[in-house]
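Take a walk through this protein, from its overall build down to single residues. Keep the sequence and the model side by side.

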Amino acid sequence: VLETVMAIAAKRAEPRNQDDVAATPAPKIFRKDCRIDWNAGAEPVHNFIRGLSPKPGAFFGRGGSILKVYRSKVAPTGGTRPAGTVVEAGDRLVVSCGDGAVMLTELQQEGKNIMNAGDFLRGTSIPIGERFN
């Protein structure tokens, strides 16, 4: 991308038309496609969350409710427990994945506003060791 931007700025870029025969539309995203698969690695889970934010939004189940995740980071540590297990739930929310862990930084509980993980955890008790689905 950087090379292309620099070529455009230097007026060296050669425009090409898109091959309409080879182009395909993106598939429709259904709700079931937005559920986080904690068995995936930390990087794929993080990218999945980024790719679906802000709409339609990646989500996971907790008990009988749904929580949407809008922002995350790959956690530096914490991936030794089974996938979907809460590893930290103090000032930050870290969840184990199939390989590594992700830190959920911005969430939304059903019927509530989007909030950062620290604010969310001050109003919601999530024990370490709980497994999300």
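What follows moves from the whole chain to the core, then to one helix, the rings and a few backbone details.

This is a predicted model, so local features need pLDDT of at least 70 and side-chain atom pairs count only at pLDDT 80 or more, while totals for chains, interfaces and linings use all residues. Residues are numbered from 1 along each chain as its sequence is written, and side-chain values use heavy atoms, with hydrogens and water left out.

Begin with the overall build. The protein has three helices and six strands. Helices (H or I, at least four residues) and strands (E, at least two) are DSSP runs, numbered from the N terminus. Along the sequence they follow the pattern α-α-β-β-β-β-β-β-α. The C-alpha atoms fill a box of roughly 55 × 30 × 30 Å, taken along the principal axes. The radius of gyration is 19 Å, whereas a compact globule of 133 residues would have a value near 14 Å. That radius is taken over C-alpha atoms, and the globule rule is 2.2 Å times the number of residues to the power 0.38.

Now look at burial. Of the 133 residues, 35% count as buried. Buried means under 20% relative accessible area, exposed over 50%, and partly exposed in between (1.4 Å probe, protein chains only). Contacts (heavy atoms within 4.5 Å) also tell something about the chain. Among those with a separation of 6 or more, 56% come from residues 24 or more positions apart.

In soluble globular proteins, nonpolar side chains tend to be buried together. Here the largest nonpolar core has 26 residues. Such a core is a set of buried Ala, Val, Leu, Ile, Met, Phe, Trp, Tyr and Cys residues joined through side-chain atoms within 4.5 Å. Ile36, Trp38, Phe60, Leu93, Leu104 and Leu107 have the most contacts inside this core. The elements giving two or more residues to the core are helix H2 (42–52), strand S1 (58–62), strand S2 (65–74), strand S4 (93–96), strand S5 (101–109) and helix H3 (117–123). The largest share, four residues, comes from H2. Not counting residues up to four places away in sequence, Leu93 touches Val86, Glu88, Val102, Met103, Leu104, Leu107, Ala117, Leu121 and Ile126.

Turn to H2. Which of its residues are buried? They are Ala42, Val45, His46, Ile49 and Leu52. Seen down the axis of H2, these fall within an arc of 140°, so they line one face of the helix. The arc is that of the directions from the helix axis to the C-beta atoms. The buried residues of H2 pack against S1, S2 and S5. The face turned away from the buried side carries the exposed residues Arg50 and Gly51.

Pick out Ile49 in this helix. Its relative accessible area is 0%. Leaving aside neighbours within four places in sequence, Ile49 is in contact with Ile36, Ala58, Val69, Tyr70, Arg71, Ser72 and Leu104. Tyr70 is 21 residues away from Ile49 along the chain, yet their C-alpha atoms are separated by 6.4 Å.

Next, the rings. The whole structure holds three aromatic pairs. Rings of Phe, Tyr and Trp (its six-membered ring) pair if their centres lie within 6.5 Å; planes under 30 degrees apart count as stacked, over 60 as edge-to-face and the rest as tilted. Trp38 and Phe60 form an edge-to-face pair, 5.5 Å centre to centre with 65° between the planes. Trp38 lies in the loop between H1 and H2 and Phe60 in strand S1, so the pair ties together parts that are 22 residues apart in sequence. Trp38 is buried at 4% relative accessible area, and Phe60 at 1%. Ring pairs link Trp38, Phe60 and Phe132 into a cluster.

Gly84 sits in the loop between S2 and strand S3 (86–89). Its relative accessibility is 0%.

Finish with the backbone. Cis peptide bonds join Ser53 to Pro54 and Lys55 to Pro56. Omega is about 5° for the Ser53–Pro54 bond and about 5° for the Lys55–Pro56 bond.
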